[in-house]
2 protein chains.
Amino acid sequence: MDRRSFLKSSSLVASGFALNSLFNQSVAQTNNAILPSKKHPLLLNFNENSLGMSPKAKDAIIQALPTAFRYPDDARAELLNNIAELYNLSDKHISIGNGSSETIQATVAMLANKAKQRGINIQLVTPDPTFNYAELYSLPLGVKITKIPLKADLSFDLEKMEQAASNFDGLSVVYICNPNNPTAMVTPYSQLEKWLGTQSDNVFFIVDEAYAEFVEDPSFISAIEFVKKGQENLVVTRTFSKIFALAGLRVGYGVAAPNTISAIDEFLSIDNTNTAGAVAAIASLKDKTFIAHSLKSNNISRKIVEKALTEIGLEYAPSQANFIFHKVNGDVKTYKQRMADANVMVGREFPPVVGWNRLTLGTPEEMEQFVIVLKQFHEKGWA
Amino acid sequence: MDRRSFLKSSSLVASGFALNSLFNQSVAQTNNAILPSKKHPLLLNFNENSLGMSPKAKDAIIQALPTAFRYPDDARAELLNNIAELYNLSDKHISIGNGSSETIQATVAMLANKAKQRGINIQLVTPDPTFNYAELYSLPLGVKITKIPLKADLSFDLEKMEQAASNFDGLSVVYICNPNNPTAMVTPYSQLEKWLGTQSDNVFFIVDEAYAEFVEDPSFISAIEFVKKGQENLVVTRTFSKIFALAGLRVGYGVAAPNTISAIDEFLSIDNTNTAGAVAAIASLKDKTFIAHSLKSNNISRKIVEKALTEIGLEYAPSQANFIFHKVNGDVKTYKQRMADANVMVGREFPPVVGWNRLTLGTPEEMEQFVIVLKQFHEKGWA
C-alpha cells in the first residue's frame, strides 16, 4: 500500500488503528528484553528514523513558537541559504518543498505543462519497483507511464530505460531513485554519468536522493554534480524526513539549475514551508553530532538484521539506506500479516518483485526485538 | 507586493531585512508608551494574528515533538475528523491543504486539467482587487484571467462577473473572497444565493472564507451551506492562519462535496500536513476561550483604528476581518515608505483601487502605537 492509499484507507482511519493510540506512543527503545506489544509495536514500515529528531531541532521549534503566528518567510529564507551553502551553490539553485514529495509533484506538473505548451507527448519512465510518487502525480495529468522492470539482480535496467526515452516521440521524464526504494541499492555514478550528463530538451531527470545521507558506498556520487556543471534538464531531490528524522514536519528540497528551479517554483504552493519544519531543518543541518549518530546507529541496526538474515538463510539486497530488502520464505502478505499480529509492522512486498519484503531499520534496540520475532517465525517455518 | 513576489525579492532576502532580526523579535505588546522602533517594529502588513497562537496549541506541539519523526498520518486523520465534526459533515467533505493556499492551487490545477480533458477553454473570473493566489496559480497553466473591477462602493460587481462567466465559451472558475481581501468587506449571502446556488458544469466557485471567523455581520452566511445542500461545483476554503494565529504552521482546508474533494485531493501533494500544524490546529479548534479572545481583541483594535481614522477624517471600508482598508491623503507608496521609516509596516495599496491602504489589525496595544504614529503623520500632512 502506498502512502496515498494508506491515507485514503477509510477502514484504517475508521478503525482508529492509525490514530491517537499509535500517535501518542513511542516504541520502547531502552528495554530490549521486552517483545513488541500492542501498546509498543515496532513500526518498521515507512523508513522513518526511530531515533527521533535532534534535541537541537526540538529546541529550535520551541524557541520559534512565540513567533509562529507569522508567515514563515524568514525561516524559509534562512533554510534556503543554509542548504545552498551546504552544496556551495546559490539560493537560486534550491527549491524548498513541503517534503520532497511536493518538489517531485511540482516538477512533474511543470513538465506536463511544458509538454502541453509545446504540443508534444509526455511520458514518465520509471523503474519498477521504485518509490511511486512521480507516478502518482503523473496519473491525473494524463502522463503516459512507462515502467521498466528491475534486472534480475534488482539493479536498474538503465539500457532499457534509455531506449524507452529515445524511442518516445515527445518529452520523457525519467525518475531515478538513488539509493532505490525499496531495494536500498545504490546505482553507481559511473553507470549514470553518460546518460544523465547529456543535456536534452526531450529528456528530464528527477533524481530522488532521499536516502543519500545514509550511503557509504564510494561508487555513489550525488547527481548534484550535474547541477554544478550547469546542466538544466534535471532536478535532484533531498529530504529532511530520513536521516534528519523530520518526516512529520514536511521539509524537502530540490537542487537544480536556476532556470529549472524558477520553473519548478511556479508549481509549488506559495508559503509552502512551515516554520517548525524550517527551524528544525536549520538546526538539524548544523547538528553534525546527531547526523553522525544517526548514521552509526543505522549501520549497527543493519548489521544486526543482516546477521540474523544470514543465520536463517534469507537473501537480502546490499543496503545503503535506512531499510533493507530481503527475501521471505513463502508468501509475503502472510508474513506481513503474521508480523502485524506479533505487533511488528514490516513494510510490504513491491510487485513485480515477489517474495521480498522491505524492512525499515529502526534503532538497534528495535532491531534486536525484531530479530527475536524473526527467529521465532523461522522456527515455526513462517520466514 | 504579493507574497510570492515578496519571497522572491532577492534584495529583501539579501539585505537581511526579513531574516533573523525580525524573526526573533516579538513586537512589544505590553508597554504601549513605547513607540515602534527598529528593534520592535509594528508588523501590520500580512493580516497575521499578533496575539500569537493559543497556549494549548503550543503545548500540543511540544507534546508531539517526540513522535514527529513519523509521517503525519495520525494527526492529519484526527484533524480531518475534527473539521468535519465542526460542520456536521463527513471527513469525505474535507480536504486539508498546506495552508488554504494549497487548496486553492489544487482546485485550479484540477479544473485546468479537467478543461484540458474536455477539450474546452478555461478562464478565471476574479474581482479586482482581491487576494491574488487563484490568479497566481492560474497564470503558469495558461488559464485566461478575467478581472472585474470592484464597484465604486468597493463591493463585488457580481452582475458583471456573472456576465463574464455566461459569455465565456468554456469553464469559468469564479473566485469569491468573503470577506474580501483587501477591503475586509462582506458580500451578503442574499447577493450570492442565486448564482452560487446554481449547479453547472461550466462554472466552478472557489469561495475563500479565510477571515470568516472574524465576521459578526449577520448578512454573511458561509457558502458551506451550498455544500450541505449537496452542490458539487464549489469549494469553500478556510485557514488556521488568521483567527487561530497559525500562519507559520501552514494548515488550511477546503469544504466541498465528496466527489469534488476527491478530485481536488489528486492535486494536493501527498503527506501535505505537518504534524506541528495539525496538532496545533486540533488544539486551537477546541480552545473556544482563545477564539473568543481573538475575536474580542480584534474588535477592540478595529474600534481604536476606526476612531482615529474618523478623527482625522480618513474614510474606511466597513471591516469584518482582522484588517481595515482606509483612505490615505496623498500617495500611498509615499505613506507606506514613511510608515516603514517610522518602523510601522502597513500593508499596501491594491490597484486599481488607488488612494487606499490595507492595514492589519494587531493587538489593541499595537494599534494604540499605530494611532500615535498616524496622528503624528496627520499633523505633518502625511496622512
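User: How do α5(A) and α12(A) run relative to each other, roughly parallel or roughly antiparallel?
Analyst: In this predicted model, the axes of α5 (residues 73-86) and α12 (residues 275-286) of chain A cross at roughly 30°. Angles under 35 degrees count as roughly parallel, so α5(A) and α12(A) are roughly parallel to each other.

User: Within what distance do the axes come?
Analyst: The axes of α5 and α12 of chain A come within 9 Å.

User: And which hand is the crossing?
Analyst: α5(A) passes α12(A) in a left-handed crossing.

User: Which residues make the contact?
Analyst: On α5(A), they are A:A75, A:R76, A:E78, A:L79, A:N82 and A:L86. On α12(A), they are A:T275, A:A278, A:V279, A:A281, A:I282 and A:L285.

User: New topic, the core. Which residues touch the most other members of the largest nonpolar core?
Analyst: A:L246 and B:L246 do. That core has 231 residues.

User: What does A:L246 touch?
Analyst: Leaving out residues up to four places away in sequence, its contacts include A:M53, A:F240, A:V251 and A:A281. B:F69, from chain B, is also one of them. A:A281 turns up in the helix contact too, on the α12(A) side.

User: What about α11 of chain A? Which residues are buried there?
Analyst: In α11 (residues 258-265), A:T260, A:I261, A:A263, A:I264 and A:D265 are buried.

User: What do they pack against?
Analyst: They pack against β2 (94-97), α6 (100-118), β7 (234-239) and β8 (252-255) of chain A.

Definitions and conventions:
Residues numbered from 1 in each chain as written. Chains lettered and ligands numbered in written order. Predicted model: local features only at pLDDT ≥ 70, side-chain atom pairs only at ≥ 80, totals over all residues. Core = buried A, V, L, I, M, F, W, Y, C linked by C-beta atoms within 7 Å. Buried ≥ 20, exposed ≤ 12 C-beta atoms within 10 Å, placed from the backbone. Contact = placed C-beta atoms within 7 Å. Axes fitted to C-alpha atoms, helices over the stretch in contact; angles between N-to-C directions. Helix = DSSP H or I, 4+ residues; strand = E, 2+ residues; numbered from the N terminus. Parallel < 35°, antiparallel > 145°, perpendicular 65-115°, else oblique. Left-handed = near helix turned anticlockwise from the far one by under 90°.
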